[in-house]
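Trainee: Could you walk me through reading this model, starting with the strands and then moving on to the metal site?

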Amino acid sequence: MPDPTSCLFCRLVAGELPAHLVAADEYCVAFLDTSPAARGHTLVVPRRHVTDLWTADPETAAALGRSCATVARRIRERLEPDGLTMRQNTGEASGQNVFHLHVHLVPRWHGDGNVGWPWPPPSEHDPDEVLRLLQPEPSDSLIPRTPG
Ligand SMILES: [Zn+2]
C-alpha cells in the first residue's frame, strides 16, 4: 500500500492541499477535478486511504456509493446536465493514476462527446460468454443476507 502521507488525495482530504470542495461528510469528500472532462466534473473519495475498489471494505464502498448519489443529484439540480457519467478506474490498466479510491462524476450534455464514451467494443466480445462469467452463484448477493 502506498504511504498515505504522500498520497495526493489523502493530503487533499487533510486540507494540506487546496481543493474546490463540493461536499464533505464523515466518510467522504467530493471536489472538482483539476483536469475536468466537463464543467462540473467532480471526484468523490473516501476520507480513509483505500487504494481501489478491490481493496475497499464494504462500509467504505457503501459510503462512497451514497455520497456519489447525493453529489450526482446535486449536480443535476444545480448544473442541469442532460446526463451524467459515473466512472471508477481500478488498477493501472484501467487508467487509474491516483491510487486512492475515487469516482468520477462527469455531467454530460447532448452532443458533448468529450469523455470517450462509449468506448469502442473489444475486437473479441461475446456478450453471452461475459454474462455467463458474471452471473451470480446462488450464494452471491450484493445485499447481505439476514440470518434465518
Ligand atoms: Zn490516500
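Mentor: Strands here are DSSP runs of E, at least two residues long, while helices are runs of H or I with at least four, numbered from the N terminus. Bear in mind that this is a predicted model, where local features need pLDDT of at least 70, side-chain atom pairs count only at pLDDT 80 or more, and totals for chains, interfaces and linings use all residues. Residues are numbered from 1 along each chain as its sequence is written, and side-chain values use heavy atoms, without hydrogens and water.

Trainee: How many bridges join β1 to β2?

Mentor: Two strands pair if DSSP finds at least two bridges between them. Strand β1 (residues 21-24) runs antiparallel to β2, with three bridges, and a three-residue hairpin connects them. On to β3: β2 pairs with β3 over five bridges, also antiparallel, and Ala-30 is partnered by Val-44 there.

Trainee: Is β2 mostly covered or uncovered?

Mentor: Buried means under 20% relative accessible area (1.4 Å probe, protein chains only). In β2 (residues 28-32), four of the five residues are buried.

Trainee: Which protein donors does the zinc ion have?

Mentor: Donors are N, O and S atoms within 2.8 Å of the metal (3.2 Å for Na, K and Ca). Here they are Cys-7 (SG), Cys-10 (SG), His-49 (ND1) and His-100 (ND1), 2.0 to 2.3 Å from the zinc ion. Cys-10 sits in helix α1 (residues 8-13) and His-49 in the loop between β3 (42-46) and α2 (58-79), so this pair ties together parts 39 residues apart in sequence. Both Cys-10 and His-49 are buried.

Definitions and conventions. Buried < 20%, exposed > 50% of the residue type's maximum accessible area, 1.4 Å probe, protein only.
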